[in-house]
Amino acid sequence: MDGLKKILGIVWILLALVVLYFGLTVMGIPKLTSGKQEDLVFGIIIVFILLPIVSGGLGVFGYYALSGDYSEEKL
Amino acid sequence: MSDSHHEHYENLSDKQKNRTIWSVIMASSLGTLIEWYDFYIFGSLAVVLATKFFPADNPTAAFLSTLATFAAGFVVRPFGALFFGRLGDLIGRKYTFLVTLLIMGFSTFLIGCIPSYETIGFMAPVLVLILRLLQGLALGGEYGGAATYVAEYAQPHRRGYWTSWIQTTATAGLFISLIVILITKTSLSAEEFDTWGWRVPFWISILMVVVSYFIRKNMKESPLFAKAKSEGKTSTNPLKESFGNRFNFKFVLLALFGAAMGQGVIWYTGQFYAMSFMQKVMNIDTTQVDSLMALALFLGTPFFVFFGWLSDKVGRKAVMMTGMLVAILAYRPIYSAMFNSIDIAKKEVAAGGITESRTVKVHDKVATDSLITFHKEIAYTDGTLLKKDSIVHWSAAGPVMKDGKAEEPKVSKSIKISDDTKWYLVLLVFIQVIFVTMVYGPIAAFLVEMFPVRIRYTSMSLPYHIGNGVFGGLLPAVATYLVTTGKDAGHAGWYLEGLWYPIGVAAVCLVIGLVYIKNKNQNIHD
């Protein structure tokens with residue numbers, strides 16, 4: 001199980017990068033540059049709040065998993 | 001004194017402890033329920049509030065409206081979790097969630113007192129925004145306090161059961177907000193409700209807050225926190241200890257990605273997306289949607305307690321992960337069945353069931369123009385009634401032109417469903433509420449058990465409010481985007497596209513939860 005946890009750590013890091021890429025290109029930047037005020041608020045929230053939490057958090061989670069912080073003996 | 005309170009509590013018999021904990025639950029749940037009620041009343045009355053405070057034709061007011069909608073949930077709630085969580089770990093649970101109750105209650109009451117935009121201009125939306133942000137701040141601090149407080153009173157083998165009462169409050173708060181609005185609407189004429197009646201649900205809050213305040217004021221500090229404080233074991237810097245310490249921070253991340261984010265999207269899908277889907281995608285009459293939602297929530301609420309109790313027997317992880325799995329598998333079939341339940345093309349029109357009328361009124365803003373409404377009603381043999389309005393803007397010179405073409409009429413559709421369909425939809429929403437109760441019922445005990453007493457309030461509040469407020473709160477916007485994109489692209493099942501967001505988030509959460517979380521419930525006394 002500890003091996004699986006470590007391998008999945010790589011998956012979470014990759015997923016964090018995918019979310020960051022699509023979050024910025026599909027939702028974040030188009031909203032920020034649409035020129036509509038309601039989109040601007042939404043864009044700011046996506047780029048400056050949601051993506052750091054999702055991508056940053058998931059990336060750190062993946063890194064911890066890869067480092068063995070979630071192995072049976074450390075939980 | 002604090003230590004003697006802990007010793008006194010520990011020496012009580014199980015029967016006496018049960019009696020104490022009932023009073024603890026009553027006091028905590030009532031306050032938390034009021035806070036949820038206050039938070040939802042704003043959302044439930046958003047359409048009326050928009051006309052009173054945020055006129056759509058004024059871009060700055062519309063901007064403030066968007067800010068109020070998003071900021072309260074996304075930014076201020078997690079910030080409230082940090083701010084009040086820290087206070088709760090420093091000075092105690094009891095005083096902290098007494099403060100959050102008062103902030104929420106007064107903010108809600110004051111929203112009901114603010115003069116409209118027409119009376120005081122820009123001050124109106126600005127004041128509403130400030131009070132809405134205060135609501136978000138208070139909500140961020142309330143839940144963690146109530147859950148921690150109850151859990152620290154509960155016997156270890158019944159913690160899931162006792163904390164599940166706190167878990168009923170969010171749904172009960174939504175239910176009561178819908179009922180209060182329904183009663184107010186039906187007791188007043190449409191004009192009275194629009195003029196002043198919408199303020200009543202906000203004013204009612206203050207009565208409930210006063211009662212709850214006096215009940216909570218007489219409660220004692222949680223025995224575990226009191227003991228830790230008397231032994232000098234409380235944290236001096238809970239934020240640093242929770243998020244700056246790698247050992248604790250890894251549990252915060254695990255709580256967020258392995259439980260709270262999946263719970264957040266399932267909670268929002270079952271309770272809010274279902275409502276918005278019936279109103280906006282299926283075009284069902286809003287009063288009917290409110291009443292059938294209220295019924296499904298009422299029937300589903302006891303299951304929070306059932307699954308909380310079950311989590312004491314079989315483990316929190318087993319119950320929550322099963323809930324997530326069945327929700328992931330069942331969402332698309334359920335929403336497909338909901339959508340197809342009102343397939344007008346398959347219904348038979350009743351004899352003489354079609355009526356049409358035309359009304360003309362002068363345009364509100366251009367006195368020389370008219371608005372012509374073509375109203376059509378079609379009654380079907382099973383009792384379904386379709387109402388359709390097409391509003392055409394007509395100037396003195398003929399139809400108003402836009403980009404060289406006659407402006408498109410504004411079409412609105414509303415379907416009054418038959419009783420059979422209504423009960424069928426109640427069942428389908430009820431099933432979704434059951435998924436909510438499976439993931440949400442045990443989560444307070446689960447989060448509390450993950451962190452030590454000295455940083456519990458801070459550490460559990462943040463993942464909960466990010467999971468619920470950010471991942472869950474984002475659902476309507478992302479789902480609408482996916483539905484619109486699917487519809488524009490001509491997908492056959494466009495109305496199901498919005499479900500990919502909760503399904504995707506819950507699936508990731510399920511895998512993380514299954515692989516990384518232990519099934520054995522923790523002992524928070526250790």
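How far apart do the C-alpha centres of domain 1 of chain B and domain 2 of chain B lie? I get 39 Å.

**Ground rules.** I'm working on a predicted model, where local features need pLDDT of at least 70, side-chain atom pairs count only at pLDDT 80 or more, and totals for chains, interfaces and linings use all residues. Residues are numbered from 1 along each chain as its sequence is written, with chains lettered from A and ligands numbered from 1 in the order in which they are written.

**Domains, chain B.** I looked up the bounds, which come from an automatic or database domain assignment: domain 1 takes 2–342 + 420–516, and domain 2 takes 344–416. Six residues of domain 1 of chain B touch six residues of domain 2 of chain B (contact: C-beta atoms, placed from the backbone, within 7 Å). On the domain 1 side I note two nonpolar, two polar and two charged residues. For these classes, Ala, Val, Leu, Ile, Met, Phe, Trp, Tyr, Cys and Pro are nonpolar, Asp, Glu, Lys and Arg are charged, and the others, Gly among them, are polar.

I checked residues 7–29 of chain A and found 100% helix and 0% strand, with the end C-alpha atoms 32 Å apart. Residues 41–66 of chain A also come out at 100% helix and 0% strand, and there the ends are 35 Å apart. Helices here are DSSP runs of H or I with at least four residues, strands are E runs of at least two, and both are numbered from the N terminus.

**H2(B) and H7(B).** The axes of H2 (residues 14–44) and H7 (residues 123–153) of chain B come within 10 Å and cross at roughly 160 degrees. Axes are lines fitted to C-alpha atoms over the stretch in contact, and angles run from 0 to 180 degrees between N-to-C directions. H2(B) and H7(B) are therefore roughly antiparallel (over 145 degrees; under 35 is roughly parallel, 65 to 115 roughly perpendicular, the rest oblique). I noted a left-handed crossing, meaning the near helix is turned anticlockwise from the far one by less than a right angle, clockwise being right-handed. Among the contact residues are B:Glu35 and B:Asp38 of H2(B) and B:Arg132 and B:Glu142 of H7(B). The class count is 12 nonpolar, five polar and four charged.

**H7(B) and H19(B).** H7(B) and H19 (residues 456–472) of chain B have axes within 9 Å, crossing at roughly 125 degrees. That makes H7(B) oblique to H19(B). This crossing is right-handed. B:Gly144 and B:Gly145 are among the H7(B) residues that meet H19(B). I count four nonpolar, six polar and one charged.

**H13(B) and H21(B).** H13 (residues 246–281) and H21 (residues 500–516) of chain B come within 8 Å at roughly 145 degrees between axes, in a left-handed crossing. Residues meeting here include B:Phe257 and B:Met261 of H13(B) and B:Val505 and B:Cys509 of H21(B). The classes are 14 nonpolar, four polar and no charged.

Note on methods
Two residues are in contact if their C-beta atoms, placed from the backbone, lie within 7 Å.
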